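Have the viewer open as you read.

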Amino acid sequence: MAYIAPIHRPSSVRHALKLNFLAPDEDCLVVAKANRLEFYAHNAEGLSLQHSKAIYGKVTMLQKLRPALSPTDHLFVGTDRFVYFTLSWNAETKQLQTEKTFESVADNAARESQTGERAHVDPSGRFMTLEVYEGIITVIPLVQRGKKRKHESDIAHLGEPVPTRISEMFVRSSAFLRPRSSDDKPKLALLYEDTHSNVRLKLRELSFSGGDSIELDDGEHYQGELELGSSHLIPIAEPTCGLVILGETSIGYYSDDTGELLTEPLEEATIFVAWERVDDQRFIFADDYGRLYLFMLVLNDGNQVRSWKLDVIGETSRASTLVYLDAGYVFVGSHQGDSQVVRIGEGSVDVVQAFSNIAPILDFTIMDMGNRSGEGQTNEYSSGQARIVTGSGAYQDGSLRSVRSGVGLEDVGLLGDIEHITNLFNLKSNASSAYDDTLLVTFVNESRAFHFDPQGEVEEVERFAGLSMTETTLAAVNISQGRVVQVTSSRVQTTDLDGGMVISEWLPSDGQVITAASTNGTHVVVSLGGVTVVVLSIDGNLNVLKEKTYGADSQVACIALPPDNIPICFVGFWQNSKLSVCSIDTLEEVVSVQPSEDSVPRSLLLTQIFPDQPPTLFIAMADGNVVTYSFNALTNELSGKRSIVLGTQQATFHALPRGAGLYNVFATCEHPSLIYGSEGRLVYSAVTAEKATTVCPFDSEAYPESVAIATSEDLRIALVDAERRTHVQTLKVDETVRRIAYSPSLKAFGLGTIKRILKGGEEILLSHFKLVDEILFKELDTYELNEEELVESVMRCELPDGSGDDAERFVVGTAYLDDQNATAERGRILILEVTEDRRLKLVTEMAVKGGCRCLAMCQGKIVAALIKTIVIYDLKYRTQSKPNLVKTATFRCSTAPIDVFVNGSLITIADLMKSVVVVEYKKGETGLSDTMTEVARHFQTTWSTAVAEVDENTYLESDAEGNLAVLYRDPNGVTEDDKKRLKMSSEMLLGEMVNRIRRIDVATVPDAAVIPRAFMATVEGSLYLFALITPNYLNLLMTLQSNLGDLVTSPGGIPFAKYRAYKNAVRESDEPYRFVDGDLIERFLDVEEEVQRKAVEGLGVDVESVKGMVEVLRRLH
């Protein structure tokens, strides 16, 4: 019933590792982003992506292993489903190869580690330790395969894991000490918190104790006191062999020889979050405030640590992980800011490369850039038409991000504000030149020429090659022998480039008007008033090859010539929506087809999209449909008909070269799109130029491989992406953007932000409400909140203005940090208006007894979710200038409301622990107060994070453990209990915690497989499209998912069903229930034909029809 597909994949980086993985002598950086592994090579330009692979599970740990006989390192991966495996790189297939897989053997009753999972490899290479559960260290022997096992591969492998119990429960950090000799037993250091909240250090030795059993001895305690803020252990190599202990106010060195701790205080207290080794004595530290430090041990003459030096060298994103690449380059992997490659210089840090990261998404709103008719609307064929604006990052890394899926345009030059352009043509002023240098711009009654010099300087020229400039141009192209052919509404002429002489000219008889034209290197075909078609040869002089007049019952709608010397032309007719392939010499029909029964062909283009395949004919219908055929040049047959809706108006096609004789097609209509070939299929993608009216390729010397784009307002030169990707635009706010609301009429965002500053070693939080312009992303005004008051919720709505009308307002809900002192006032509700000069003005405020977690509107009244209660407030004006908020109804929640969604009179509440409840608001009749009555509840323990009504009586809920559930209410149930019970209709583990769900309403075609219903944003920086599957496709998609799950394997061999199965602290399923993962479904297009055939067995449909369906699904996002 439910379908989910990614719009933006996870971008948060929590784990990264350097190893020799892809080649024996080349360093490779592996980065884990939620359930995805990315492999990068480091070169002079920075990091370049070499390979990317999805894992069935969220990656929780990475470690490298070097088996004895392997030329490359192996990668050890741990996942959140307690499945662990090692991967190697197969250089022949260029794919990951699973070497060993096992599941955790620890007791399921054990508590998961509260301080993060860790994996360590003993420096002697004998053991590997995993810390997954509290009080258990799982030891894996790194077994060398000996003579007894010669029949097996000669590469070392992992032994079976052995769980060993330890008394230390809350381990903050752990590390293997560096051994002084190969005979030393591996020694594991544990930094832990005891039952009295004191921080202790313990060293345990690890060894085999006969057979395969492993012993982890009781070890020795360091008896002295450690700083309470101690957080990291760093093992030091020879000659010193000890541990550096990082704290908040000091750094200590523990000597393994003497058992003594040398501690020195820090100049300024801080919180260290990551470290990385540069060499044996130098390290890089990162703190919670984005500062990068260089740490150096100072040794005495006896190679003993005497002291240390710590210098701040610069600022970066707040690091989650640090990896030293080489030669002063460091990779800073970040969860709450952009990941970066930085170069460390003399006391400075330069950012060499940045990787966009929109995690964590705390809130988001939907802008409709194509059509401003309504909030949250999106185009019927692609969510790429919608622009999603997110509040991302935290504190100094906080930002506003505009995310859009589509083909991007990068402007490289603007020719100025030129309106009413009808067409563009690229020309060369020198026949021998490899570059275009002249742009012919046409209008309704004139043409203008712009000349570009090699440096990119532009000059408008009054005359160019003898072309007619006093009328509109329908076609213009360079042809052989240094000539140009031009077709206007009154003539066809060939002119000389050098002298500007008209070489040959043809005028229609009886003053007929040329209404359409097409040309290639050898012929021109024109339509006269839609009644007569004339074919002209341009070899030498213009000669009429054939003229044919059609009757009034079969007027010509469009014409086109193939780009090559194929002796045919295409003619589209108004009558019967017919398209004919005609002989160029006789205009006799060779083949005809009917592209549509409901509309008329209005624009045609034949071009080569795919290598080693016949060219593709594009037909734009008057109703916005685009029909494509494959054209066989030998038989002139049209086959393989496909159709797609691009909009509501006809499109116009423009071929853009992409190299090797292949082309992309730019379609201009109300939603401009780029059509390109990918993996043997056509992909239609939204373009970020919403106002483009016409384009043409313009490969000039100053702007190679660019295009000229005309909009309704201007003319510009731009570079177009070859294919679709997600585009992220950033506005640095340097504060946490906790809440975001968008006002289309004000063309502005309302942001609730939190700023963190350090004052004398103490953190101070300041909160603001900011008004930001939607186009320039420029701050317009700021409203400062009180001291120790934080913004909790923001809403844009229409409220009474006191004069009988409604006016746009922003409503802000807040909470106080220290609610012990504020007995009566624990939060506020503020109503702000935006003045004409775009400033914020307080209309009214109200103190509330609990923090205002959420805000919504219900029948013109404000719904506020306080700490334990839902309250409805009405805005009443006692005087025209000063309104008050009046409480009209309340509802007590089970624990605490987390999210609220309102539809009509029904209010859906996501509860902190008790899932979802639906209440109905009723206005009181005369003299009676308003009421809120519970109408339905989900009777399960679920730690909810967000909720939205995605259909009538159907609700989508997310929880803190990364699950998604679709609940439904049956108002026509048999018993009262049935009517009041929310039942589960679909469930799945997403693997990421969803922070916000926003409902969308989109128009879909009648036979659509899925209906988009919501966007979701996660902590890991993902954006997902949620849709409901229509009944006709439910069994098909469910069975296809099941088949593909069995056929498509993932690294580690984790079953798909188990990976997506619902799992929380109360119960665990075996597979997703009536929930389809679009990511897996779309992989149908990428697998081999044999796998495709197996996947459709038993579905009752063939491979081609499933391909078509999946292509439509992929275009949704």
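Is Cys696 buried or exposed? Cys696 counts as buried, with 3% relative accessibility (buried is under 20% relative accessible area, exposed over 50%, partly exposed in between, using a 1.4 Å probe and protein chains only). Keep in mind that this is a predicted model, where local features need pLDDT of at least 70, side-chain atom pairs count only at pLDDT 80 or more, and totals for chains, interfaces and linings use all residues. Residues are numbered from 1 along each chain as its sequence is written, and side-chain values use heavy atoms, with hydrogens and water left out.

Now for partners. The closest cysteine sulfur to that of Cys696 belongs to Cys669, 18 Å off and too far for a bond. Cys797 is also buried, at 3% relative accessibility, and its sulfur sits 12 Å from that of Cys852, again too far. Searching the whole structure turns up 0 disulfides (pairs of cysteine sulfur atoms within 2.5 Å).

On to the core. The largest nonpolar core holds 83 residues; such a core is a set of buried Ala, Val, Leu, Ile, Met, Phe, Trp, Tyr and Cys residues joined through side-chain atoms within 4.5 Å. Strand 88 (residues 1023-1029) gives the most to this core, 7 residues; strands are DSSP runs of E, at least two residues, numbered from the N terminus. Leu37 and Leu75 have the most contacts inside the core. Beyond its neighbours within four places in sequence, Leu75 is in contact (heavy atoms within 4.5 Å) with residues including Leu17, Phe39, Leu62 and Phe85.

Technical notes: Helix = DSSP H or I, 4+ residues; strand = E, 2+ residues; numbered from the N terminus.
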